[in-house]
Amino acid sequence: MVDPITVEVIKYAAIFAAEEMGIVLRNTAFSPNIKDRLDHSCAILTPGGDLVAQAEHIPVHLGSMSIGTKNLINYIMNEKIELKANDVILTNDPYISGTHLNDLMVLKPIYLNNKLVAFVANKAHHVDVGGAVPGSIGGKVRNLIEEGIVIPPIKIIDNGNIRKDIIKLIETNVRTPRYFRGDLMAQIAALNVGERRIKEVVERYGVKTLLDAWEEILSYTERYTRNIISKKGRVGSYEAEDYMELPEGDLVSIYVRIDIGKSSVKVSFEGTSPQVEEPINAVYGVTVAATTYALKAVIDPEMPMNQGFYRVVSIYAPEGSLVNPRPPAPVSGGNVETSQRIADVVLKALANAFPENVPAASCGTMTNVMVGGKGWAFYETIGCGSGGRPNGDGVDGVHINMTNTLNSPIEIIENEYPILFIKYELRPDSGGPGTYRGGLGIIRAFKVLEEGVILTIYSERCRTRPWGLLGGKAGAPSHHYIVKSSGEVISLGAKSTIALSRGDVIYINTPGGGGYGDPCKRSRELIVKDLEEEKISLNHAISEYCYSK
């Protein structure tokens, strides 16, 4: 039995170790996607692969980290690979790591006196891993191998020695080898820092105290979660359905049923559409991450997050479905887009159980934009509007739900790539009308400055719209188009790949969030303020908010 004070010290030492890992990764990375957008995540895990501590990074990475680690441990055991001190194992296989090919996952064991005491791990989104299109997400692909290079679990560091031959092999198969090499070295540096910090804790308290404290941390989270579910008293079954958009125009369904007991929660995606030959399939790790995020956000945002949560919450996703496909189904967009819809549908179901805690739908898309030419590839996600809330408007122009990245600074992009930005502003009238309106989407436009450029947009909410709650109306859908240098305007769907010429301008219009409550009950003061700030037009105020001068 470890005394409570020591447990707390060890708990926060692990959390701060994960945070410091993230700082090292960010500060030493090469690509703007990691050093500026912060598209990476770090965690500390037990010898069995249970999540103990995580930094405040990317929900879709973190929720899948334990699944990826346990899959790696099983792979190592089945393949009879000896994972020693000073070894680092690398993979990006989504069916093992739990996200998509762009996310390279690295794992390092921590030994003390020949005893395995922990794992440190991180994931980072590499801007390109080969495949059919620059950026490696989307495009007309039908299986995993078309999305990029698939790296099975392999030692990238063996007994302290970097495998330069493997690095060279991977570099040869990606469009941005300098970014790949630099970002991978940053990931390894982060692992070394995490290892050093955990060893410092072990040297002070001993292995037994560390492992006993970690078990108490997990048990506490289990007790906390059961207690909070019991206190909320929302026993019952809650269902919801939402849709994903296929490039040809069809919709596929994500259906969820949430059974809340007196001290447990069961989530089932039975009834979801089968997997498709499009890259919107989401591997099981993504489904767990999105479901976990939504449950935690609604039931108790302050709830500690570690493996103890999964002793209370079970998540079932049928094999062969959109939310748990069988290989070699393509999955690049499932990580970034289907994850958002899974969060949406779980939140929609929970709105019936916790109406006071659930906002209207946020935009429901990360709006992935990938541009590439000779020797370069650029990737970013673009913010949008969050949903109107029970006590206030949605937030304008932010990254929502399953992403926690920053925007890509225009100055950095223009310095790194042959791209010139001409517009970056909030999108008027895009927030869903309501007593509390949805947040506004973003208009982002840029010109390409060279020939032979390929653009891929992989987004959602073009044909469907972010739903409102309690009388609130839906947010505006996404809308993307190109203005050619000749003046011709080409409309783009939610998922498009197209060749560009010098001088072409791409306009990205992201969705707004749904509205919350009856729009005609919105206060006149808030309407006038929105008019003054040009967030809504006068016609919009009159037609949607019952406004009169």
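A residue is called buried when its relative accessible area is under 20%, exposed when that area is over 50%, and partly exposed in between, with a 1.4 Å probe and protein chains only. The structure described here is a predicted model, in which local features need pLDDT of at least 70, side-chain atom pairs count only at pLDDT 80 or more, and totals for chains, interfaces and linings use all residues. Residues are numbered from 1 along each chain as its sequence is written, and side-chain values use heavy atoms, with hydrogens and water left out.

Helices (H or I, at least four residues) and strands (E, at least two) are DSSP runs numbered from the N terminus, and asparagine 173 sits in the loop between helix 5 (164-171) and helix 6 (177-205). When residues up to four places away in sequence are not counted, asparagine 173 touches Val129, Gly130 and Ile149; contact means heavy atoms within 4.5 Å. A polar atom of the asparagine 173 side chain lies 2.8 Å from the backbone oxygen of leucine 169. Between asparagine 173 and glutamate 356 there are 50 Å in space, C-alpha to C-alpha, and the two are 183 residues apart in sequence.

Lysine 535 also belongs to a loop, the one between helix 11 (524-532) and helix 12 (538-545). Lysine 535 is buried, because its relative accessible area is 18%. With residues up to four places away in sequence left out, the residues it touches are Asp396, Leu426, Pro428, Asp429, Arg437, Leu440 and Asp530.

Two strands pair if DSSP finds at least two bridges between them. Strand 1 (residues 40-45) and strand 2 run antiparallel and are joined by 3 bridges. Leucine 45 has leucine 51 in strand 2 as its bridge partner. The hairpin of these two strands has 5 residues between the strands, and glycine 49 takes a positive phi near 90° there.

An open sheet of 4 strands has the order 13-12-16-19 and antiparallel pairing. Its edge strands, each pairing on one side only, are strand 13 (376-381) and strand 19 (495-500). Strand 12 (residues 368-373) is joined by 5 bridges to strand 16 (residues 453-458), and methionine 370 stands opposite threonine 456 in strand 16.

Rolling a probe the size of a water molecule over the atoms shows where empty space is left. On a 1 Å grid over the protein atoms alone, a cavity is a set of points where a 1.4 Å probe fits but cannot get out, while a pocket is an open set with protein on both sides within 12 Å along at least five of seven lines; lining residues have an atom within 4 Å of a point. Grid points are joined across faces, edges and corners, and a volume is the space filled by probe spheres set on the points.

The whole structure contains 2 cavities of 30 Å³ or more. The largest cavity holds about 80 Å³ of space. It is lined by 15 residues, of which Asp39, His125, Asn335, Val336 and Met366 are the closest to its centre. Helix 3 (59-78), helix 9 (332-353) and strand 13 each supply at least two residues of this lining.

The largest pocket has a volume of about 1,300 Å³. Among its 48 lining residues, Gln54, Pro59, Tyr293, Lys296 and Pro301 lie nearest its centre. The largest share of the lining, 6 residues, comes from helix 8.

Technical notes: Polar contact = N/O pair within 3.5 Å; in protein donor to acceptor, adjacent residues only side chain to side chain.
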